Amino acid sequence: MTFVAGTNHLPGFYAAREEVFADWYPDGDVPAHSLAVVSALASPEFTVEVEAVVALRNGSTRSAAERGDESAV
């Protein structure tokens, strides 16, 4: 799930996503994705927020907060 603060940031978001996805998913088989345009995020300098669930090799999943990844908070 991606939250983008204002439609004016959509072109940059789409360009970045296309660049990253081309590298990560060269066969074009990309994961499901939802996008919401919002008026603002928690801090004015934030323009994009990405929420993700990651499957680990052993099949368990943990959130960024559970991993202690403060950059995702």
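Colleague: Let's start with one residue. Is Val30 buried, partly exposed or exposed?

Modeller: Val30 counts as partly exposed, because its relative accessibility is 40%. Buried would mean under 20%, and exposed would mean over 50%. Keep in mind that this is a predicted model.

Colleague: Where does Val30 lie?

Modeller: Val30 is in the loop between H1 and E2.

Colleague: And which residues is Val30 in contact with, leaving aside neighbours within four places in sequence?

Modeller: Phe21 and Tyr25.

Colleague: Let's zoom out. How many helices and strands does the protein have?

Modeller: The protein has 2 helices and 3 strands. Along the sequence, the pattern reads β-α-β-β-α.

Colleague: What is the order of the strands in the sheet?

Modeller: The order is E2-E1-E3. The sheet is open, and its pairing is mixed.

Colleague: Which strands stand at the edges?

Modeller: E2 and E3, the latter covering 48-50, are at the edges. Each has a single partner strand, so one side of each has no neighbour in the sheet. On average, neighbouring strands are turned by 15 degrees against each other, direction ignored.

Colleague: What holds strands together in general?

Modeller: Strands of a sheet pair through backbone hydrogen bonds, and they can be parallel or antiparallel.

Colleague: Then how do E1 and E2 run, parallel or antiparallel?

Modeller: E1, residues 2-5, runs parallel to E2. The two are joined by 4 bridges. In this pair, Ala5 stands opposite Val38 of E2.

Colleague: Which strands does H1 touch?

Modeller: H1, residues 10-24, packs on the sheet and touches E1, E2 and E3. Its direction makes about 155 degrees with that of E2.

Colleague: New topic: the surface. Which residues form the nonpolar patch?

Modeller: Tyr14, Leu35 and Val37 form that patch. Together they have about 230 Å² of accessible area. Leu35 sits in strand E2, residues 35-38. Leu35 counts as partly exposed, because its relative accessibility is 30%.

Colleague: What about Ser39, buried or exposed?

Modeller: Ser39 is exposed, because its relative accessible area is 77%. Its place is the loop between E2 and E3.

Colleague: How many Å separate the C-alpha atoms of Ser39 and Gly6?

Modeller: They are separated by 5.6 Å. Along the chain, Ser39 and Gly6 are 33 residues apart.

Colleague: What share of the contacts joins residues 24 or more positions apart?

Modeller: Such pairs make up 67% of the contacts with a separation of 6 or more.

Colleague: Last one. What share of the residues counts as buried?

Modeller: Of the 73 residues, 15% count as buried. The accessible surface of the protein is about 5800 Å², and 54% of that belongs to carbon and sulfur atoms.

Definitions and conventions
Residues are numbered from 1 along each chain as its sequence is written. This is a predicted model: local features need pLDDT of at least 70, side-chain atom pairs count only at pLDDT 80 or more; totals for chains, interfaces and linings use all residues. Side-chain values use heavy atoms; hydrogens and water are left out. Patches are made of residues with over 30% relative accessible area and no salt bridge: like charges are joined within 9 Å, nonpolar side chains (Val, Leu, Ile, Met, Phe, Trp, Tyr) within 5 Å. Accessible areas come from the Shrake-Rupley method with a 1.4 Å probe; for residues, only the protein chains shown count as cover. A salt bridge is a side-chain nitrogen of Lys or Arg within 4 Å of a carboxyl oxygen of Asp or Glu. Buried means under 20% relative accessible area, exposed over 50%, partly exposed in between (1.4 Å probe, protein chains only). Two strands pair if DSSP finds at least two bridges between them. Axes are lines fitted to C-alpha atoms, for helices over the stretch in contact, and angles run from 0 to 180 degrees between N-to-C directions. Contact means heavy atoms within 4.5 Å.
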